[in-house]
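Please read them with the structure open.

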Amino acid sequence: MSQYEGLTQGSFKNSTARRLPIFFCLDVSGSMIAKTTRGTKRIDEMNAAFNRFLEAMKGNEVVAESADVAALTFGGKVDVPLQMTPISQVETQTFDVRKRSFTPLGEAILTAIQLLDLRTQGYKDNGMKYFQP
């Protein structure tokens, strides 16, 4: 069963807000273990930035009621460790490096586009308004 099957308006606590699907494509390849000019690992910087984004968006009442977020990681392969979820329900995330892995960015972008198409179709099928990507 697809993560988008069974999508109903009940999934959004009867919110009438226009939905905003947000997909992150996050690099977890081996290169992310390298240190930045500040001396911290790239993966740590990425995790911190992702979580700052979540907290900032949750702090905005309109966004907290309308945004849905998912995270795709790529490093050796593409995974979806954070399925599409209302942003208000997303907890702090930590993504780990996959050492000695290649960087399939193109595959990650194509996967995100496919998932976005499925998500927006779910919105349409349930009569839900959404922002165009």
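The points below go from the overall fold to the cores, the rings and the surface.

1. Basis. This is a predicted model: local features need pLDDT of at least 70, side-chain atom pairs count only at pLDDT 80 or more, and totals for chains, interfaces and linings use all residues. Residues are numbered from 1 along each chain as its sequence is written, and side-chain values use heavy atoms, with hydrogens and water left out.

2. Fold. The chain has 3 helices and 3 strands. Their order from the N terminus is β-α-α-β-β-α. Helices (H or I, at least four residues) and strands (E, at least two) are DSSP runs, numbered from the N terminus. Take the contacts in the chain with a separation of 6 or more: 71% of them join residues 24 or more positions apart. Contact means heavy atoms within 4.5 Å.

3. Burial. The chain has 133 residues, and 41% of them count as buried. Buried means under 20% relative accessible area, exposed over 50%, and partly exposed in between (1.4 Å probe, protein chains only).

4. Main core. Which residues have the most contacts inside the largest nonpolar core? They are F24, L26, M46, F50, V69, A71 and F95, in a core of 17 residues. Strand 1 (20–27), helix 1 (42–58) and strand 2 (67–74) are the elements that give two or more residues to this core. Helix 1 supplies the largest share, 4 residues. A nonpolar core is a set of buried Ala, Val, Leu, Ile, Met, Phe, Trp, Tyr and Cys residues joined through side-chain atoms within 4.5 Å.

5. F50 and N47. Leave aside neighbours within four places in sequence. F50 is then in contact with F24, L26, A71, L82, Q93 and F95. N47 is in helix 1. Is N47 buried or exposed? N47 counts as buried because its relative accessibility is 7%.

6. Rings. The structure holds 4 aromatic pairs. In one of them, the ring centres of F24 and F53 are 5.1 Å apart and the planes are at 75°, so the pair is edge-to-face. F24 lies in strand 1 and F53 in helix 1, so this pair ties together parts that are 29 residues apart in sequence. F24 counts as buried at 19% relative accessibility. F53 is partly exposed, at 26%. Y123 and Y130 form a tilted pair, 5.5 Å centre to centre with 35° between the planes. Both Y123 and Y130 are buried. F24, F50, F53 and F95 form one aromatic cluster. Rings of Phe, Tyr and Trp (its six-membered ring) pair if their centres lie within 6.5 Å; planes under 30 degrees apart count as stacked, over 60 as edge-to-face and the rest as tilted.

7. Surface. The chain exposes about 7800 Å², and carbon and sulfur atoms supply 52% of it. Areas come from the Shrake-Rupley method with a 1.4 Å probe; for residues, only the protein chains shown count as cover. L105, I109, L110 and I113 make a nonpolar surface patch of about 360 Å². L110 is in helix 3 (residues 105–125). L110 counts as exposed because its relative accessibility is 55%. Patches are made of residues with over 30% relative accessible area and no salt bridge: like charges are joined within 9 Å, nonpolar side chains (Val, Leu, Ile, Met, Phe, Trp, Tyr) within 5 Å. A salt bridge is a side-chain nitrogen of Lys or Arg within 4 Å of a carboxyl oxygen of Asp or Glu.
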